[in-house]
Amino acid sequence: MTTVRRAVLTLPAAPLGPDNPLPALRAPAGAGAHAVDARTLAELPRDMARGIGRAPLRSLLPAPVRDGYGRERTPADLDTIVIENDRLRVTVLPGLGGRVHSLHHKATGRELLYRNPVLQPAAFALNGAWFSGGIEWNIGATGHTTLSCSPLHAATVRAPDGGPMLRLWEWERLRDLPFQVDLWLPEGSDFLFVGVRIRNPHERTVPAYWWSNIAVPEERRVLVPADAAWHHGYERGLNRVPVPVTEEGADLSYPLNGAHAADFFYDLPEEQRRWIAALDADGAGLVQTSTDPLRGRKLFLWGTERGGRRWQEWLTEPGTPGYAEIQAGLARTQLEHLELAGGAEFSWLEAYGPLAADPAAALGDDWAAARAEVEGRLAAALPRTAVDAAYTAWREGAADAEPETVLAAGSGWGALEVLRGGHALPGTPFPESTLGPDQEPWRELLRTGVLPPPAKGAGPGAPLVADPWRDMLETAPADPSTEYHLGIAQWHAGDRAQAVRSWERGLHRAEVRWPLLYCLAVADREDGHPERAAERFAEAFADHADHADHADHDEHAGHDEHAGHADHADHADHADHADHADHAGHDEHADHDEHADHAGHDEHAGHDAGEAVAAALGREGVAALLATGRAGPARELWARLPAEVRGRGAFRLLEIRILLAEGRPGEARAVFDEGFEVADLREGAEILGEVWAELTDELLPDAYEFRMRPS
C-alpha cells in the first residue's frame with residue numbers, strides 16, 4: 001500500500017537569515033546571464049523571438065530579495081513528507097519550494113537523483129536564495145523560482161486509484177497565478193506520477209512559465225529523442241547545433257565532455273514522445289517522461305573549466321561528486337514565455353522512474369540506436385498510452401479533489417487574493433486562517449479603504465503591486481506609508497514618473513525617511529542621475545543609522561514608558577528591545593512577531609531586523625558613492641556599518657574597492673590574500689575577476705574563480 005507521512009531529515013545547513021528589507025525595484029540581478037543579444041534575436045524563428053520578448057520582468061516586485069544567508073553550516077532538522085510504496089520512496093521538502101530531495105528505488109537500492117548532502121543557499125533564484133539537488137518546480141519567469149526556499153501548502157488528497165496523494169500548492173506572486181503539484185505512487189508502480197496545473201483566475205492574459213528541473217550525477221549519459229538543440233551559453237548567443245556531437249567534435253551527451261557551462265534546449269520533433277534520461281556506465285539511471293504539453297527538454301552542464309568546477313564546490317561540500325541538470329518545460333527554451341488566457345489553465349502529467357538499458361546500445365556511438373534502445377525500454381516499462389490515461393484520470397477525477405489532511409502551510413498571499421477577488425479554485429483552498437502579519441495591513445485596506453501605517457519600530461511592510469491593489473492605494477488617505485506603497489505599485493506598472501511624485505509627496509511628511517529615500521535613489525540611478533542617486537542612498541543610510549543611534553541612546557538612558565512614541569523609534573534597529581510594543585497597540589510578543597515578519601525573518605526581530613536594513617542600505621550606498629568617484633564618503637559610510645556586517649564577504653569586497661579608490665593597492669591585495677567569501681555572489685558574476693585584474697596580472701586564485709563565460 002502507498003503511504004504518505006511526515007518525517008524529519010537532518011542536514012548540514014546554512015540558515016536562510018532575514019530577507020532583504022528593501023523593495024526589489026529592479027530586474028533580477030542575474031538576468032543578464034539569461035539574455036540573448038539583439039543580433040541573435042533577429043535571426044531566430046519568429047515565434048521563438050516573440051516568446052523571448054514576451055513580458056520580461058522589470059522588477060522582482062512584489063517578491064523580496066533573499067540574501068540574508070551565509071556559508072556557515074550546522075546540522076538542521078528539515079521537515080519532510082515521504083511518499084512510499086513497495087518500489088519507491090520519495091522525500092519532499094514542503095518548506096523549501098516542495099523540492100523532491102530524494103527518489104530512491106527500493107528494488108535496486110539506487111538513488112535516481114543527485115541528492116545534495118548539504119543545504120547551502122546560493123544566489124541562483126530570481127530573488128536570491130536557491131540550493132542544488134533533487135527535483136524543483138520552477139514557475140514565474142526565466143530562472144529559478146522565487147519560491148525556491150519558501151514553504152508551500154501541502155496536504156493529502158485521494159489519488160486517481162483511491163490511494164493517498166500529496167498535493168503541493170501556492171500563489172506565485174510574480175505572475176499572480178495559483179498552481180498545484182500532485183505527487184502519487186500507484187500501488188506496485190516503479191514510477192512517481194506528478195500532475196501539474198497552473199490556473200489563471202484573472203480576466204487578462206498572463207505570461208506563463210514552467211520548467212521541472214532534475215539534478216542528476218554528472219557522470220551520466222543524457223539521452224533525448226532529438227538530433228539538434230538550441231545552445232545558449234554565458235556569451236548570450238542562441239544557436240542551433242547538432243546533437244550529440246558539437247562542431248568541435250565533443251559528444252556532449254556526456255556532461256563532463258563540455259568545457260564551458262551551457263544550456264542545450266533540445267529540438268524534439270512535433271509528434272515525438274517527450275522524454276529525457278540520464279544513465280550511468282551500466283546503462284541504468286533515471287528517465288522522465290510527460291504528456292505532450294510539457295514540450296521542452298534541456299541539459300545544463302557546468303563544464304570542466306575552473307569557474308564551473310568552483311561553482312560545483314560552492315553549492316555543496318568540496319570533494320563530493322558534481323551534478324548536471326536535465327529539465328522539462330512548457331516552451332522550447334527557458335528564455336520563452338507562453339500566453340495563458342484569462343480563465344484558462346495549463347495542465348499536464350509527468351512520470352519519473354528507473355530505467356535499465358543495454359549499455360552497449362545506450363552508451364554506444366550510434367546516436368539513433370542509443371535513443372531507440374532507451375525509448376524501447378521506456379515503452380515497455382511505461383507505455384505512452386499509460387501516461388496519457390493517467391493524466392486523464394487525474395485531471396477528471398482528482399485534480400479538483402479537496403485536501404483531506406493538511407501537512408504544511410505556505411504563505412497567506414493566496415488567501416488575500418482569494419479574499420479580494422472571490423476566486424473559485426477547487427482543490428487548492430487558500431483559507432483566511434493562513435493570513436499573517438504581512439497580509440494584515442492589506443486586509444485592512446480591503447475592508448476599510450485605509451492602509452494602516454506600520455507599527456512603531458517596524459519596517460514599511462511587504463508591498464503589493466497588482467492593479468486592483470494599486471487602485472485601492474490611489475483612493476486611500478495619502479499618508480507617507482500609503483505614498484510609499486503607491487509609488488512601488490506605480491513603479492511596477494511602468495509609470496515611473498508618477499511613482500517618483502508619490503515618493504516625493506510622502507517624503508515631505510515622513511518622520512522616518514529612509515524607505516522613501518531608497519526608492520528615490522533607485523529611480524535616480526535608473527534615470528541616469530548617478531550623483532543624485534549616490535547622495536540619496538547615503539542620506540537613506542544616515543537616516544536609518546540616526547534612528548538606530550537614538551534608540552540605543554534611549555535604551556541605555558533608561559527610557560520611560562512613553563519611549564515607544566519617540567520620534568526616532570520608528571526604525572530604531574527595530575529596536576533591540578520589545579518595550580515599544582506596549583505603546584504600539586500590541587503586547588510584547590505580538591510586536592516581536594510583527595517586526596520579524598516585516599524583516600522577512602520570523603526568528604529574530606529587534607537587532608537583527610535593524611542590522612539587515614543597515615547592511616542593505618550600506619551596501620547600496622557604498623557602491624553608489626564609489627561609482628561616482630567619492631571614495632571619502634564611501635569610506636565614512638562603510639565605517640558606520642556594524643562590525644559584524646563589515647566582516648561579511650560582500651563588505652570585504654567593498655573594502656577592497658574603497659582601498660583601490662584611495663590608491664592603496666597593497667592593502668587591497670592583503671584582503672584578497674587573507675581570504676573572504678561573498679555568500680550571495682550571483683550566477684555569472686565577474687566582479688571578483690574584474691577587481692583582481694585592477695591589482696595584478698597574476699592568475700585569479702581558484703577560490704575566487706566563478707567566471708562562466710568562455711575566456
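The backbone oxygen of A399 lies 3.2 Å from a polar atom of the Q180 side chain, and a polar contact (N or O atoms within 3.5 Å, one able to donate a hydrogen and the other to accept it; residues adjacent in sequence count only if both atoms are side-chain atoms) of 3.2 Å joins the side chains of Q180 and D182. This is a predicted model, in which local features need pLDDT of at least 70 and side-chain atom pairs count only at pLDDT 80 or more, while totals for chains, interfaces and linings use all residues. Residues are numbered from 1 along each chain as its sequence is written, and side-chain values use heavy atoms, with hydrogens and water left out.

Q180 belongs to strand β11 (residues 177-184), a strand being a DSSP run (E) of at least two residues, numbered from the N terminus. With a relative accessible area of 1%, Q180 is buried, a word that stands for under 20% relative accessible area with a 1.4 Å probe, protein chains only.

Aromatic rings are the next topic. Rings of Phe, Tyr and Trp (its six-membered ring) pair if their centres lie within 6.5 Å, and planes under 30 degrees apart count as stacked, over 60 as edge-to-face and the rest as tilted.

| Pair | Type | Centre to centre | Between planes |
|---|---|---|---|
| Y114 and Y323 | stacked | 5.1 Å | 20° |
| W211 and F265 | edge-to-face | 6.0 Å | 65° |

Because W211 lies in strand β14 (residues 210-217) and F265 in strand β18 (residues 262-266), their pair ties together parts that are 54 residues apart in sequence, and both residues are buried.

Technical notes
Helices (H or I, at least four residues) and strands (E, at least two) are DSSP runs, numbered from the N terminus. Buried means under 20% relative accessible area, exposed over 50%, partly exposed in between (1.4 Å probe, protein chains only).
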